[in-house]
Amino acid sequence: MKNIVKTIAFATLLTATVFANGTLAVLEIVPSSDMNDMKVNIQEMRHLTDELRRQAVLALPDKGYKVLTRDNIISLLPEDEEAQQCLAESCAVDIGRAIGAEFISSGSIGLFSGDLTLTIELYESLGGKLLGSIVMESPDVRGLLNAIRTQAPALFARITKNNVQDKPASPAPQAPLAQPAPAAQSQANIWQWQDAPQTIPTNVEQPKQKFKIPSWVAIGLDVIGVAALGMGYYFDMKAGDYHKDYKNMAQYQSPEIYATAYQDVEDAKKMRNISYGLGGVFLLGGVALHIWF
């Protein structure tokens with residue numbers, strides 16, 4: 001008996017170290033211990049087991065999961081008959097650990113109120129966690145077969161759901177850190193940076209723009225200057241006319257008229273000088289504005 005226990009313990013320890021992830025073992029469906037009136041033969045129970053195993057293959061993804069066949073399970077069991085009997089009397093979880101299957105299902109047929117019942121349980125071998133179970137009832141074996149095809153896919157789908165929940169969530173991708181700008185730039189790059197208005201930093205002091213007088217101011221000064229010079233020329237002509245009259249009046253008119261004619265000459269000269277002076281100032285101012293701005 002000690003050798004049997006050692007064999008089972010060694011097999012359990014060995015398979016636990018090389019446990020196959022995503023491996024499912026579907027044990028043979030057996031009659032329950034309280035089923036005295038045997039209504040199902042061995043061939044029918046084997047056929048139900050084969051259908052249950054087929055539904056497991058269809059429910060699990062092809063990549064990362066494997067369903068052990070009947071021969072696989074037999075080859076992994078200890079060769080010693082007493083060890084096999086010991087495993088057969090233990091729970092499904094112990095068998096799953098012994099053969100190195102991560103998941104294992106077991107099934108048993110019983111009777112309830114004259115109908116056949118089939119109970120399928122699915123375990124995680126290492127932790128002994130019950131992932132799910134289904135109970136089917138039917139008056140005959142064919143009804144149990146149809147129930148397996150209907151209910152088994154959802155049961156085996158719990159395996160992939162359990163694996164997704166156990167995996168740690170992958171960390172969210174982090175945005176790459178911004179690279180610092182180079183400390184030095186070539187002269188060509190500096191000029192290119194200055195030519196792009198959208199890239200000029202806001203903290204760079206902008207050069208103050210020179211105050212600009214509108215062009216119409218300079219043109220206005222030019223017009224006023226020309227008009228003043230024209231008025232100067234007009235008064236210069238009037239002064240000449242007044243001077244001729246003054247000479248003629250000196251011989252034929254009275255001293256009072258002579259004095260008035262003299263005053264007209266002086267007034268015309270005075271207006272001429274003022275007009276020429278103002279015209280020159282305004283005209284020079286307009287030309288200066290044109291040149292400067």
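Reader: Which residues of α5 are buried?
Author: The buried residues of α5 are Ala-92, Val-93, Ile-95, Gly-96, Ala-98 and Ile-99. Buried means under 20% relative accessible area, exposed means over 50%, and partly exposed lies in between, with a 1.4 Å probe and protein chains only. This is a predicted model, in which local features need pLDDT of at least 70 and side-chain atom pairs count only at pLDDT 80 or more, while totals for chains, interfaces and linings use all residues. Residues are numbered from 1 along each chain as its sequence is written, and side-chain values use heavy atoms, leaving out hydrogens and water.

Reader: Why is helix α5 described as largely enclosed by the rest of the structure?
Author: Six of the eight residues of this helix, residues 92-99, are buried, so the rest of the structure largely encloses it. Helices (H or I, at least four residues) and strands (E, at least two) are DSSP runs, numbered from the N terminus.

Reader: And what follows α5?
Author: Gly-100 follows α5, and its phi is positive, near 80°.

Reader: Where is Ser-113, the residue that has a positive phi although it is not a glycine?
Author: Ser-113 is in the loop between β4 (101-112) and β5 (115-124). Its phi is about 55°. Most residues other than glycine have a negative phi.

Reader: Is Ser-113 buried or exposed?
Author: Ser-113 is exposed, and its relative accessible area is 68%.

Reader: Turning to the largest nonpolar core, which residues touch the most other members?
Author: They are Leu-24 and Ile-159, in a core of 29 residues. A nonpolar core is a set of buried Ala, Val, Leu, Ile, Met, Phe, Trp, Tyr and Cys residues joined through side-chain atoms within 4.5 Å.

Reader: Which element gives the most to this core?
Author: That is α6, with nine residues. Apart from this core lies another, of 11 residues, among them Leu-68, Ile-95, Ile-99 and Ala-101.

Reader: How many aromatic pairs are there?
Author: The count comes to one aromatic pair. Tyr-234 and Phe-235 form this edge-to-face pair, at 5.4 Å centre to centre and 70° between the planes. Rings of Phe, Tyr and Trp (its six-membered ring) pair if their centres lie within 6.5 Å; planes under 30 degrees apart count as stacked, over 60 as edge-to-face and the rest as tilted.

Reader: Is Phe-235 buried or exposed?
Author: Phe-235 counts as buried, at 16% relative accessibility, whereas Tyr-234 is partly exposed, with a relative accessible area of 45%.
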